[in-house]
Amino acid sequence: MGRTPLIAGNWKMNLNHLEAINHVQKLAFSLNDKDFNAVEVAVLPPFTDLRSVQTLVDGDKLRIVYGAQDLSPHDSGAYTGEVSGAMLAKLGCTYVLAGHSERRQYHAEDDQVVNSKVLAAYRHGVTPILCVGEGLPVRQAGGHVAHTLAQLDGALQKVTAEQAKSIVIAYEPVWAIGTGEVATPEDAQEVCGAVRTRLAELYDGEVAEAVRILYGGSVKSGNIAGIMSKPDIDGALVGGASLDPAEFVKICRFGE
Ligand code: PEP
């Protein structure tokens, strides 16, 4: 069976819980069964919105899934301000981001921390969306593939083949995030293809074929079709454009 495309909206630190309800209702109103049969649609709101989104999704039996933008590497205890994988699982989260470049940049998350978050997500049955990707200087120096694969290797330490089958990898070149500068479909395919080859080396062909690899970085309704035309790209992680419900719906329809 082929890989089901995934379009995931990373709201970042936007929309309070009331705005979240309104937003998800708009998505639910616009998206139909044909959409949900073709693509998995996920929203990744701030922690404070998750309970409201859960209530709406469960109450109205929506086919939209949801997740969080981060989690603690620890399971419980004296970690003020942190949210555990167990708490996310209890709220019905399907996904959690790990290693988003804004966490790496502003919270000094290195590959070891990202790895511990990936493992924590698996301990609680929440699927990690692992974000990897190079900054501009690395890209300009031609080191983008090696850099991204090193992040992948670091984040997958002690992850078993059975677990790895379900992971989602988001290739997000840092220079394309929130900048309006999108990677060309060819640039994105180069790295996503290399990620899939590396998964086959780290695990096996079955894992490599099963894993969904997303592109992220200034995705919009006008550029999603080109991105989705590439063989190793299975969807998109969408930041800014996911805050506009009509635009996000268009992206879920690959621009149509
Ligand atoms: C992101 O936050 O993961 C992202 C890709 O943002 P944007 O779409 O705004 O570039």
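I began with the "active site" feature, for which UniProt, in an unreviewed entry, lists H100 and E172; the two are spread over 73 residues of sequence, yet they cluster in space, with a largest C-alpha distance of 8.5 Å. UniProt positions are given in the numbering used here, feature names are shortened, and such annotations may be inferred rather than shown by experiment.

I noted that this is a predicted model, in which local features need pLDDT of at least 70 and side-chain atom pairs count only at pLDDT 80 or more, while totals for chains, interfaces and linings use all residues. Residues are numbered from 1 along each chain as its sequence is written.

Entry on H100. I located H100 in the loop between strand 4 (95-98) and helix 5 (101-106), where helices (H or I, at least four residues) and strands (E, at least two) are DSSP runs numbered from the N terminus. Leaving aside neighbours within four places in sequence, I found H100 in contact with Q69 and C131, a contact being two C-beta atoms, placed from the backbone, that lie within 7 Å.

Entry on E172. I found E172 in the loop between strand 6 (168-171) and helix 10 (185-202), and E172 also counts as buried, because it has 30 C-beta neighbours inside 10 Å.

Entry on the ligand. I looked up which residues surround the ligand and found 14, the closest being I177, G178, G216, G239 and G240, where near means a C-beta atom, placed from the backbone, within 6 Å.

Entry on the whole chain. I recorded 13 helices and eight strands for the protein chain, and buried residues make up 44% of its 256 residues. The C-alpha trace spans about 50 × 45 × 35 Å along its principal axes.

Entry on confidence. The protein chain averages a pLDDT of 97, and 100% of the residues score at least 70, pLDDT being the predictor's confidence in each residue, from 0 to 100. I also noted that the model scores ipTM 0.98 and pTM 0.97.

Methods:
A residue is buried if 20 or more other C-beta atoms lie within 10 Å of its own, exposed if 12 or fewer, and partly exposed in between; C-beta atoms are placed from the backbone.
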